[in-house]
Amino acid sequence: MTPTFDIPVLTIAGSDSSGGAGVQADLKTFLANGVYGMSAVTALTAQNTTGVTAIEEATPEFLAAELDAAFEDIPPCAVKVGMVASAALIHVIAEKLKEYHAAHIVVDPVMVATSGAALLAGDAMEALASELLPLAEIITPNIPELTRLTGVGIVDLPAMERAARQAAATYHTAVLAKGGHFTDAAVVDLLAYPEEQGGRLESFAAPRSANPNTHGTGCTLSSAIAANLAKGMDLVTAVGQAKAYLTGAINANLDLGKGRGPLHHGWNLSGDFFA
């Protein structure tokens with residue numbers, strides 16, 4: 001892999017003090033995928049591998065200033081949006097992405113932490129759906145998130161396909177439905193395009209790892225997709241290579257913390273990476 005650190009990518013997400021998810025995972029992923037990472041923090045979380053104990057949101061005014069600072073000096077070639085916390089912050093993000101004509105927007109609709117802690121305020125769902133998701137090139141919901149976005153009960157792969165197609169039609173964006181919550185031997189993700197983009201469906205499969213340490217997988221996958229889009233890959237290639245990177249990060253079997261630990265984001269780096 002040839003690093004391309006002159007290609008900037010911005011993450012708009014919450015901070016994870018344990019370093020396994022959120023902005024910290026995003027920046028590690030950007031580095032490992034050879035792009036220059038920037039960040040706008042939507043919220044601070046007191047968090048580790050066992051759970052989230054406190055959340056402190058950025059003010060809308062401060063988040064707006066963060067976004068202005070990034071776009072006015074080093075305009076990103078792609079944007080990953082993760083934890084957005086509240087309707088007020090979603091409104092700021094949507095307005096700034098439109099103001100600066102942001103390209104390659106990847107939205108990971110983070111609603112609940114792996115530990116079960118709510119990361120999206122109850123009144124923010126409508127703002128997420130109406131203001132932010134339609135701006136995305138691709139959204140990357142897991143099964144619980146996809147169910148909340150569509151109302152479709154997802155118990156098997158055909159149901160996940162129906163929900164992915166429905167979400168693509170509703171939000172007019174590509175939808176990567178992630179199948180990690182199933183217990184099958186292989187993890188299958190489905191990429192559904194809206195009808196105006198051809199309406200096709202792509203499937204991505206990888207063997208399920210026995211490693212229970214999967215904290216930050218959603219953040220990592222969406223950030224890798226954003227990095228790949230910024231480098232000029234088409235969407236199918238960007239998703240496929242991002243999934244391969246995520247699979248390697250899980251299979252590296254990093255084991256830190258007392259709970260569900262983080263991934264090894266640097267598994268693909270070697271001594272000649274920066275040569």
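Where is L269 found, relative to α8 (235-251)? Select L269 and you will see that it is found in the segment after α8 (235-251), where helices (H or I, at least four residues) and strands (E, at least two) are DSSP runs, numbered from the N terminus.

Before going further, please keep in mind that this is a predicted model, in which local features need pLDDT of at least 70 and side-chain atom pairs count only at pLDDT 80 or more, while totals for chains, interfaces and linings use all residues. Residues are numbered from 1 along each chain as its sequence is written, and side-chain values use heavy atoms, with hydrogens and water left out.

**Stop 1: a surface patch**

L269 counts as partly exposed because its relative accessibility is 31%; buried means under 20% relative accessible area, exposed means over 50%, and partly exposed lies in between (1.4 Å probe, protein chains only).

**Stop 2: the sheet**

Now show the strands, and follow an open sheet of 9 strands in the order β3-β2-β1-β4-β5-β6-β7-β8-β9, with mixed pairing. At its edges are β3 (51-57) and β9 (201-207), each of which pairs on one side only; two strands pair if DSSP finds at least two bridges between them. As a general point, strands of a sheet pair through backbone hydrogen bonds, either parallel or antiparallel.

Select strand β1 (residues 8-16), which is mostly covered, with 9 of its 9 residues buried. On one pairing, β1 and strand β2 (residues 36-48) run in the parallel sense over 8 bridges, and if you pick A13 you will find it opposite V41 in β2. To get from β1 to β2, the chain passes through helix α1 (residues 22-32), and this β-α-β crossover is right-handed, meaning that, with the strands pointing away from the viewer, the path from the first strand over the helix to the second runs clockwise. β1 is also joined to strand β4 (residues 78-81) by 4 bridges, again with parallel strands, and here the bridge partner of T11 in β4 is K80.

**Stop 3**

Move along to strand β5 (residues 105-107), which runs parallel to β6 and is joined to it by 2 bridges. V106 stands opposite I138 in β6.

Next select T140, which is found in the loop between β6 (138-139) and α5 (143-150). Is T140 buried or exposed? T140 is buried, because its relative accessible area is 0%. If you leave aside its neighbours within four places in sequence, T140 is in contact (heavy atoms within 4.5 Å) with V106, V107, D108, P109, E145, L176, K178, S222 and I225.

**Stop 4**

Select E202, whose place is in strand β9. E202 and A192 are 10 residues apart in sequence, and their C-alpha atoms are 6.6 Å apart in space. Apart from neighbours within four places in sequence, E202 is in contact with D189, L190, L191, Y193 and V236. The side chain of E202 also meets that of R200 in a salt bridge (3.1 Å, N to O), a term that stands for a side-chain nitrogen of Lys or Arg within 4 Å of a carboxyl oxygen of Asp or Glu. E202 is partly exposed, with a relative accessible area of 25%, and R200 is partly exposed as well, at 39%.

**Stop 3: other salt bridges**

How many salt bridges does the count come to? By this rule the count comes to 8 salt bridges, and a few of them can be visited in turn.

- Select K98 and E95, which form a salt bridge with their closest N and O atoms 3.3 Å apart; because they are 3 residues apart in helix α3 (residues 87-99), about one helical turn separates them.
- Select R165 and E161, whose side chains meet in a salt bridge (3.3 Å, N to O); both lie in helix α6 (residues 157-171), 4 residues apart, about one turn of the helix.
- Finally, select D68, K96 and E99, which are linked in a network of salt bridges.
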